[in-house]
Amino acid sequence: MRLRSGVGLEALLWGAALAFFLFGFGWVVRPALPFVPGPRPAGGLRVVTWNVGGSSPGSSNALLDEDLDRVASVLRELDPDLCFLQELRDERQLGRLRRRLGTGWVDSINRGLGNRRVAVLARRGELVDFELPGNAGRALGVEYRSGVGPEVQAVSVHADAFSSERRNVEIGTCVEELRARPGPHRLLVGDFNVDLDLDKRRDLFTDDEYLDVET
């Protein structure tokens, strides 16, 4: 009885596989629909966060100048009010990107050395930076003031990619600083690099997984 049941099940599965093959063989692959941003609510803000490092295929570098036109094209399509970027090279590169976007944009970039900086671009309002502690890592705190939408307190952070202990400190510091800011509208954005999967060790990216869960 068990043998007949097993044979019957196998025959059923083979039949299903054959049916999928025959009917699926002629399926037409439809072209991907163009991206259309959702409607912008009255008095609302559209916020984008994007790690632009490695924009070229196969590249792991910070943003390359030859990719600026591509990045600007995507941002124009997304049509954000606030855009937080990670892995820009320096102030001059941010200025070149802003000019490609056209008039009406303001920007800010975090202080520090290195070629992987955190920046923000904004329009329809103004930006006012606020200080963050040194243990926040690569982070930028800004207040966005607009005459149309709400005032927003925002912190953008690019957390350490190779140490969960440092990530925990950096993100935790940014959260505490943001909680101390006035106003009801607060945003924490950026590239957090967190790994919450405790079953799959990634020793290249963490030295203590539980700290990512704490974060």
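Helix α2 (residues 68–78) lies across β1, β2 and β4 and runs at about 160 degrees to β1. Helix α3 (residues 91–101) lies across β2, β3 and β4, at about 165 degrees to β3. Helices (H or I, at least four residues) and strands (E, at least two) are DSSP runs, numbered from the N terminus; contact means heavy atoms within 4.5 Å. Axes are lines fitted to C-alpha atoms, for helices over the stretch in contact, with angles from 0 to 180 degrees between N-to-C directions.

The model is predicted: local features need pLDDT of at least 70, side-chain atom pairs count only at pLDDT 80 or more, and totals for chains, interfaces and linings use all residues. Residues are numbered from 1 along each chain as its sequence is written, and side-chain values use heavy atoms, without hydrogens and water.

Four strands form an open sheet of mixed pairing, in the order β1-β2-β4-β3; two strands pair if DSSP finds at least two bridges between them. β1 (47–51) and β3 stand at the edges with a single partner strand each, so one side of each has no neighbour in the sheet. β2 (residues 82–88) is antiparallel to β4, with six bridges, and β3 (residues 105–109) is antiparallel to β4, with five.

| Residue | Bridge partner in β4 |
|---|---|
| leucine 82 | alanine 122 |
| valine 106 | alanine 122 |
| serine 108 | valine 120 |
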